[in-house]
Amino acid sequence: TLRGKWVLDVIYGNPPAPPPPDVGEIQEDRRSREPRSFRELLGQHASRAECSMCHRKMDPLGFALDNFDAVGAWRDNHGGKPLDTTGKLPTGESFTGHAELKTILNSHRDQFVRNMTAQMLSYALGRELDYFDDCVIDGIVKELATDEFRFASLVEGIVRSYPFQYRRVE
């Protein structure tokens with residue numbers, strides 16, 4: 001879930017809504033003889049109506065990255081059971097593992113480029129962006145497309161932009 005939220009927020013620039021205030025943490029039933037996978041526990045949690053919309057978007061993204069443990073080391077199983085890294089996005093695209101997810105994310109390059117441009121512009125300006133910054137972002141993204149999406153072109157586009165050159169210095 002955390003990994004999926006990160007992908008939505010940082011890569012797509014489309015964070016999910018915050019969880020409802022009465023949603024607790026996922027608890028594993030320790031009385032059960034056979035431990036359940038996190039995926040099964042999450043599925044039970046996500047079946048709640050107030051949770052399902054966001055989990056439908058987040059969870060498949062996180063499952064694709066499940067081969068990486070908390071510190072990024074590769075693993076093929078967890079608790080002696082093989083990992084299930086399959087998923088299906090709300091758009092209907094199915095995948096197995098991080099490599100296939102990467103291919104899907106690459107097919108949505110425009111969203112990534114726009115989000116990265118917005119984040120870089122916000123950082124360069126030292127402020128949150130507003131609706132009037134949209135035309136600047138659109139212009140920079142258009143220039144990036146003509147220069148094969150080079151990072152140097154992104155930086156140059158931001159430095160040449162009106163908001164950057166005429167920002168208020170406090």
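This is a predicted model: local features need pLDDT of at least 70, side-chain atom pairs count only at pLDDT 80 or more; totals for chains, interfaces and linings use all residues.

Two packed helices are described by the angle between their axes and the distance between the axes. Let us apply that description to helix 5, which covers residues 109-125.

How do helix 5 and helix 7 cross? Helix 7 comprises residues 151-160, and its axis comes within 10 Å of the axis of helix 5, with a crossing angle of roughly 45°. On the side of helix 5, the contact is formed by Met-116, Thr-117, Met-120, Leu-121 and Ala-124, while helix 7 contributes Phe-151, Leu-154, Val-155 and Ile-158. Sorted by class, the residues of this contact are eight nonpolar, one polar and no charged.

I now turn to helix 1, residues 2-12, whose axis comes within 7 Å of that of helix 5. Are these two helices roughly parallel or roughly perpendicular to each other? The axes cross at roughly 75°, and angles of 65 to 115 degrees count as roughly perpendicular, so helix 1 and helix 5 are described as roughly perpendicular. Here Asp-9, Val-10, Ile-11 and Tyr-12 of helix 1 meet Gln-111, Phe-112, Asn-115 and Gln-119 of helix 5. This contact has four nonpolar, three polar and one charged residues.

With a relative accessible area of 30%, Arg-114 is partly exposed. Which residues does Arg-114 contact, beyond its neighbours within four places in sequence? They are Asp-134, Ile-137, Asp-138 and Val-141. Of these, Ile-137 lies 23 residues away along the chain, and its C-alpha atom is separated from that of Arg-114 by 7.0 Å.

My last stop is Thr-85, in the loop between strand 2 (81-82) and strand 3 (86-88). Is Thr-85 buried or exposed? Its relative accessibility is 9%, and it therefore counts as buried, the cut-off being under 20%. Setting aside residues up to four places away in sequence, Thr-85 touches Arg-39, Phe-63, Ala-64, Asp-66, Asn-67, Phe-95, Thr-96 and Gly-97.

That concludes my presentation, and I thank you for your attention.

Methods:
Residues are numbered from 1 along each chain as its sequence is written. Side-chain values use heavy atoms; hydrogens and water are left out. Helices (H or I, at least four residues) and strands (E, at least two) are DSSP runs, numbered from the N terminus. Buried means under 20% relative accessible area, exposed over 50%, partly exposed in between (1.4 Å probe, protein chains only). Contact means heavy atoms within 4.5 Å. Axes are lines fitted to C-alpha atoms, for helices over the stretch in contact, and angles run from 0 to 180 degrees between N-to-C directions. Ala, Val, Leu, Ile, Met, Phe, Trp, Tyr, Cys and Pro count as nonpolar, Asp, Glu, Lys and Arg as charged, and the others, Gly among them, as polar. Angles under 35 degrees count as roughly parallel, over 145 as roughly antiparallel, 65 to 115 as roughly perpendicular and the rest as oblique.
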